[in-house]
Amino acid sequence: MTVGACVLCDRAAGLDAADPGWLLRTDSWGVSMHPAMPVPGWVAVQTLRHTEGLSDTSRSEAAELGPLLSAVSASVTRVTGSQKVYTYSLGEGCPHTHVLVGPPSAELRGAAFITALLGRDPSLADQATADRTAIELTGDLSSRYLQMKGDIT
């Protein structure tokens, strides 16, 4: 698949100059706001090179993913105050390795929340709160990632 044929590769190229752009970017992974809609606290963790599933990741990409998801989940928990953080990766609608991470809403939980998120229910979207949360996540993720890097090197 060429880069021009992948919506997440195209989006990643645009995030280099976008605001808020990447919340965190490593050599292999990027963390950004949810790509489909501004749901507060929801982020996408995606490979920076085009891969179509975890089986396509390199050894170094795979080794970094676990600690990175842990750091992202901890930051989402701290910034949003949520006791639960959901993760999911389907890859059906967008064949690019990505994991979506975020808190449930107060009104919807579990399968009902994921169904609303997948259906792009507009009641979940809040641009202003999502932007403020993204700014807080950027700072928290940066410090957590630096600490994580020190722990695993």
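First, the ground rules. The model is predicted, so local features need pLDDT of at least 70 and side-chain atom pairs count only at pLDDT 80 or more, while totals for chains, interfaces and linings use all residues. Residues are numbered from 1 along each chain as its sequence is written, and side-chain values use heavy atoms, with hydrogens and water left out.

Let me begin with the sheet. Two strands count as paired if DSSP finds at least two bridges between them. In general, strands of a sheet pair through backbone hydrogen bonds, either parallel or antiparallel. In this model five strands make an open sheet, ordered S1-S2-S3-S5-S4, and the pairing is antiparallel. Strand S1 (24–25) and strand S4 (86–88) are at the edges with a single partner strand each, so one side of each has no neighbour in the sheet.

Now the pairs one by one. Strand S2 (residues 29–33) meets S3 over five bridges, and glycine 30 stands opposite glutamine 46 in S3. On its other pairing, S3 joins strand S5 (residues 98–102) over four bridges, with alanine 44 opposite leucine 100 in S5. S4 and S5 pair over three bridges, and there tyrosine 86 stands opposite glycine 102.

How covered is strand S3? It spans residues 43–47, and five of its five residues are buried, meaning under 20% relative accessible area, where exposed is over 50% and partly exposed is in between (1.4 Å probe, protein chains only). Val43, Val45 and Thr47 point one way from S3, and Ala44 and Gln46 point the other way.

The search runs on a 1 Å grid over the protein atoms alone: a cavity is a set of points where a 1.4 Å probe fits but cannot get out, a pocket is an open set with protein on both sides within 12 Å along at least five of seven lines, and lining residues have an atom within 4 Å of a point. Grid points are joined across faces, edges and corners, and a volume is the space filled by probe spheres set on the points.

How many cavities of 30 Å³ or more does the whole structure hold? The search finds one, and the largest cavity contains about 60 Å³ of space. It is lined by 14 residues, with Met33, Val39, Gly41, Trp42 and Ala130 closest to its centre. Helix H4 (residues 127–152) supplies the largest share of that lining, four residues. By class, the lining has 11 nonpolar, three polar and no charged residues. For these classes, Ala, Val, Leu, Ile, Met, Phe, Trp, Tyr, Cys and Pro are nonpolar, Asp, Glu, Lys and Arg are charged, and the others, Gly among them, are polar.

The largest pocket has about 340 Å³ of space. Of its 17 lining residues, Ala36, Cys94, His98, Leu100 and Arg120 are the closest to its centre. Helix H1 (7–15), S5 and helix H3 (110–118) each supply at least two lining residues, and H1 gives the largest share, three residues.

The second largest pocket has about 250 Å³. Its lining has 20 residues, and Val39, Pro40, Pro103, Pro104 and Ser105 are closest to its centre. H4 gives the most to this lining, with four residues.
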